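I opened the model to look up helix packing, the sheet and the ligand shell. My notes follow in that order.

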Amino acid sequence: MLEFRHVTFQYEVEDFNIIDDLSFHIAPGEFVSIIGASGCGKSTIFRLTNQLLPMKSGEILVGGKDIHAQKRYCGYMPQKDLLFPWRTVGQNLRLPLEIRGGLSNAEMEARVDAALAQVGLADAKDKAPSELSGGMRQRAAFARTVLTDSELLLLDEPFSALDFLTRISMQEWLLGQWEADRKTVLFITHDVEEAIFLSSRVLVVEETPIRRLTSIEVPAGYPRTRACLRDPRMIELREQLIDLLRKRGVQ
Ligand SMILES: Nc1ncnc2c1ncn2[C@@H]1O[C@H](COP(=O)(O)OP(=O)(O)OP(=O)(O)O)[C@@H](O)[C@H]1O
């Protein structure tokens with residue numbers, strides 16, 4: 001679904017390639033987390049994938065095709081929900097449909113209503129984003145990301161600003177969504193436990209410049225509950241990942 005082929009990228013103000021000849025591959029329907037120390041370049045991988053940044057060399061393929069030959073091939077959810085405060089929740093969700101065009105008003109409303117119902121926000125359609133809790137705003141932002149109709153979702157620390165309990169319930173909620181429609185998810189997080197609870201595979205950034213990602217399989221199947229975190233193999237993996245990150249520096 002997503003393939004980096006020898007991708008190199010340098011920020012203009014820097015004198016080195018932060019991404020240096022990087023190759024990796026994500027299969028369709030996988031849920032893969034990327035973990036690594038703060039500032040190591042995780043979000044840069046997303047910004048290259050969605051063409052917010054231009055690569056120096058290499059190729060990025062989505063669904064087997066070069067990204068430059070495609071539009072709307074990925075949905076992107078940044079760390080902050082970025083709902084537009086002057087639009088209602090429903091109007092925020094309409095945005096990707098308006099940008100895409102080709103749908104009647106009634107069709108757009110029907111899609112927005114279905115998406116809101118799916119994330120448990122049917123009653124929030126006419127509210128302002130400021131009237132929602134943090135968890136509700138993240139669910140609305142996720143619904144808007146899904147309405148891009150992309151098979152590939154890039155979620156950049158979507159729950160980092162939430163309190164502990166809301167975060168746990170959002171993780172469970174996201175797993176349920178993913179188990180239902182099996183889109184390909186690439187998920188950046190600082191939280192090792194969050195990574196292993198959600199993912200089938202974890203990609204670890206062990207060094208900057210990023211030349212490779214260390215891929216580690218998570219020894220748990222789906223459907224999954226938090227009980228899996230008590231499995232000795234999961235506990236061992238959590239400690240192994242923490243050690244890997246510590247080797248590189250403070251998280
Ligand atoms: N526009 C920019 N120009 C120059 N340097 C940048 C730019 N954006 C990010 N950087 C630098 O590139 C490095 C990687 O940034 P990036 O946001 O990809 O890291 P990250 O791993 O996602 O960090 P975090 O986990 O803290 O969000 C950082 O050192 C950052 O200072």
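I took angles under 35 degrees as roughly parallel, over 145 as roughly antiparallel, 65 to 115 as roughly perpendicular and the rest as oblique. This is a predicted model: local features need pLDDT of at least 70, side-chain atom pairs count only at pLDDT 80 or more, and totals for chains, interfaces and linings use all residues. Residues are numbered from 1 along each chain as its sequence is written.

**Entry 1: α2 and α4.** I checked helix α2 (residues 89–100) against helix α4 (residues 134–146). Helices (H or I, at least four residues) and strands (E, at least two) are DSSP runs, numbered from the N terminus. The two axes lie 8 Å apart, at an angle of about 25°. Axes are lines fitted to C-alpha atoms, for helices over the stretch in contact, with angles from 0 to 180 degrees between N-to-C directions. α2 and α4 are therefore roughly parallel. I listed the contacts (C-beta atoms, placed from the backbone, within 7 Å). From α2 come Val-89, Asn-92, Leu-93, Leu-95 and Pro-96; from α4 come Ala-140, Ala-143 and Arg-144. By class I get six nonpolar residues, one polar and one charged. Here Ala, Val, Leu, Ile, Met, Phe, Trp, Tyr, Cys and Pro count as nonpolar, Asp, Glu, Lys and Arg as charged, and the others, Gly among them, as polar.

**Entry 2: α4 and α5.** Next I took α4 with helix α5 (residues 164–181): the angle is about 30° and the axes are 10 Å apart. That makes α4 roughly parallel to α5. Gly-134, Gly-135 and Gln-138 of α4 meet Thr-166, Ser-169 and Met-170 of α5.

Entry 3: I traced an open sheet of four strands, order β2-β1-β4-β5, with antiparallel pairing. Pairing needs at least two DSSP bridges between two strands. β2 (19–26) and β5 (65–66) each have a single partner strand, so one side of each is left without a neighbour in the sheet. β4 (residues 57–62) pairs with β5 over two bridges. Leu-61 stands opposite Asp-66 in β5. α1 packs on the sheet and touches β1 (2–9), β2 and β4; its direction makes about 110° with that of β1.

**Entry 4: the ligand.** Which helix gives the most to the shell around the ligand? I found helix α1 (residues 42–49), with three residues. Residues surrounding the ligand (C-beta, placed from the backbone, within 6 Å) include Tyr-11, Glu-14, Lys-42, Ser-43 and Thr-44. The shell divides into four nonpolar, six polar and two charged residues.

Key:
Contact = placed C-beta atoms within 7 Å.
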